[in-house]
There are 2 protein chains.
Amino acid sequence: MSAHAVGIDLGGTNLKAALVQRGEGILKRATVETAVGEGTERIIEQIAELVDRMIAASPGSHVEGVGIGTPGPVNWERTTVLNPPNLPGWRNIDMQDALEERVGLGLPVIVENDANAAALGSAYYGAGVPFDSFIMITLGTGVGGAIIYQDEIFRGSTGAAGEIGHMSIDFEGPMDRYGIAGASEAYLGQHFLSRHARYALLTRTDSHVHELAGADLADLTPEMLHDAAEAGDEPAREVLAWAGHKLGCVLSSTINLLDIRNVVVGGGVSQAGAYILDPARAALRRYVMPSLRGHIEVVRETLGNDVGLLGAAHLAFKQRSPTDASSRPHSAA
Amino acid sequence: MSAHAVGIDLGGTNLKAALVQRGEGILKRATVETAVGEGTERIIEQIAELVDRMIAASPGSHVEGVGIGTPGPVNWERTTVLNPPNLPGWRNIDMQDALEERVGLGLPVIVENDANAAALGSAYYGAGVPFDSFIMITLGTGVGGAIIYQDEIFRGSTGAAGEIGHMSIDFEGPMDRYGIAGASEAYLGQHFLSRHARYALLTRTDSHVHELAGADLADLTPEMLHDAAEAGDEPAREVLAWAGHKLGCVLSSTINLLDIRNVVVGGGVSQAGAYILDPARAALRRYVMPSLRGHIEVVRETLGNDVGLLGAAHLAFKQRSPTDASSRPHSAA
């Protein structure tokens with residue numbers, strides 16, 4: 001019988017679940033609104049209900065385990081969420097303990113930071129399949145990051161590695177939400193990028209974005225930049241190129257430090273594709289050490305947010321079979 | 001019988017050798033001028049002669065192997081030097097092949113990048129002993145870096161990881177020798193720092209540095225800044241604080257990416273001690289993610305260049321006993 005597991009993506013707005021077949025992908029999915037503000041027990045209950053539904057949908061009603069991707073840090077043992085930033089009122093919650101009791105089937109429950117889970121999903125099911133090591137950067141509301149090294153998540157000393165969004169590209173640059181000057185998120189995070197674009201385009205009255213973004217461009221989103229760029233709008237393309245250059249700058253530092261030269265770019269803003277990735281590649285050709293410039297690859301993750309669910313489920317597969325790195329498609333080739 | 005190995009530090013000016021006793025340190029050392037320009041065979045011969053002298057000095061004339069620290073990249077197998085930047089005319093040289101033949105004793109020969117070797121020396125004999133993971137940054141003519149993760153060198157995909165000196169802290173900053181804008185070496189490398197200090201102090205005629213650095217401060221070195229700072233010179237302290245801030249900026253990005261929070265600072269400029277490290281620590285308190293700020297340690301490597309020789313020799317010990325991580329002092333505690 002093929003192996004199945006449940007992946008959970010615990011977001012501040014939506015709580016998603018998927019039944020995943022190992023090596024194949026998502027068989028079934030469900031989404032509910034996260035009951036933020038109703039206490040942690042209610043959310044644990046929501047997760048348990050989703051897990052029950054996924055198990056019921058699995059062949060023989062059997063799954064190997066449950067993996068949960070969650071914002072913010074988790075502990076080294078992957079059992080406990082530590083002060084998740086978008087779940088107000090949560091402190092340290094031992095999800096493994098709470099869920100294993102509730103689900104009551106002796107299923108292993110593994111928790112991982114959502115950016116790490118997404119990278120694992122990309123590694124085993126997405127754009128990361130060809131690479132045994134790669135950097136993942138996710139351009140969403142925030143800028144998330146993760147490192148896959150030799151088929152595993154590089155977790156650092158406490159499990160918190162990969163915060164590319166909070167690496168600085170300018171020690172006198174704009175602050176991110178933590179007060180880190182010039183953090184890449186302060187250029188590439190959705191709100192920051194939208195604000196920059198708004199000011200950059202306010203006086204460019206020839207730009208098509210004015211027809212999309214309302215009076216004074218108040219409703220501008222990165223998606224509109226992409227749409228305008230696709231329609232041939234030069235000012236929108238310039239803004240995306242500005243963002244791509246910043247992306248290339250932070251990736252150059254990352255590559256120089258890690259000697260990992262494959263990059264997978266995910267998240268909503270990455271849908272701008274070549275408008276943002278080509279300028280990033282140009283910056284990489286200048287700012288990566290000459291001896292490392294030879295084999296750089298920057299690709300877009302096309303599975304979208306599914307990599308988070310896939311990677312979360314994959315944590316349960318990995319738990320059961322710690323040596324399964326060899327089962328990755330690229331290794332089997 | 002205690003284990004002994006030979007460490008070699010292959011520099012563009014000097015070629016150094018040491019006989020190292022495992023867990024104890026350097027028993028004997030020798031230095032010759034590197035025969036740059038006389039061809040690679042001559043340098044191989046120089047190394048072989050030094051190895052012979054070290055073996056002759058060892059108890060029972062027995063050593064376990066030879067480790068060589070070399071500038072620039074080495075191949076993944078640690079046998080071959082790839083285009084070393086300060087040995088003009090060298091291409092790819094299989095040092096293992098050349099030396100194992102010449103030494104003729106069946107001794108293993110391992111080659112490693114000199115920054116990585118220095119970090120290994122620090123990990124087993126120096127300021128890195130208390131840490132199972134740390135970042136090493138060496139402030140010399142250039143700015144070198146290395147990552148020790150779980151008692152091992154983190155080597156990246158091809159063995160070239162750790163280039164902190166070529167991470168950028170300002171995408172519009174000054175260029176390093178590779179044209180990387182705002183690279184930390186373009187602030188902290190000895191020539192860059194001296195030049196900055198010269199311009200910063202030219203009009204500060206009250207600075208004690210004017211008594212040390214000749215007309216127009218033409219002979220200024222970082223050492224003079226340190227001497228002046230020690231003597232209470234405020235302008236010199238300001239320049240070192242400027243450098244320390246830059247050091248803290250690049251280390252913040254490194255810590256945010258790696259979740260490795262111990263830092264060992266080596267190299268000549270690090271002798272400025274607290275004048276440079278305290279401002280670095282202040283920057284780290286601002287620019288590291290809040291969740292990672294709790295346990296940051298920045299210490300100075302006090303063994304100087306000896307860590308390079310110690311780490312090179314240690315490569316030979318590691319070769320013989322791959323599980324010896326447990327023999328590190330901090331693990332035995």
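## A negative patch

In this predicted model, A:Asp94, A:Asp97, A:Glu100 and A:Glu101 gather in a patch of negative charge on the surface. Patch residues have over 30% relative accessible area and no salt bridge, with like charges joined within 9 Å; the area comes from the Shrake-Rupley method with a 1.4 Å probe. Asp and Glu count as negative, placed at CG of Asp or CD of Glu.

Helix H2 of chain A (residues 95-103) gives the most to this patch, three residues, and A:Asp97 lies in that helix. Helices are DSSP runs of H or I with at least four residues, strands runs of E with at least two.

## Salt bridges

Over all chains there are 16 salt bridges, each a side-chain nitrogen of Lys or Arg within 4 Å of a carboxyl oxygen of Asp or Glu. A:Arg29 pairs this way with A:Asp306, their closest N and O atoms being 2.7 Å apart. A:Arg29 sits in strand S3 and A:Asp306 in helix H10 of chain A, so the pair ties together parts 277 residues apart in sequence.

## Where the chains meet

Between chain B and chain A the count is zero salt bridges. Still, 46 residues of chain B contact 46 residues of chain A (heavy atoms within 4.5 Å).

## Reading notes

Residues count from 1 along each chain, and chains are lettered from A in written order. Local features need pLDDT of at least 70 and side-chain atom pairs 80 or more, while totals for chains, interfaces and linings use all residues; side-chain values use heavy atoms, without hydrogens and water.

Methods: Patches are made of residues with over 30% relative accessible area and no salt bridge: like charges are joined within 9 Å, nonpolar side chains (Val, Leu, Ile, Met, Phe, Trp, Tyr) within 5 Å.
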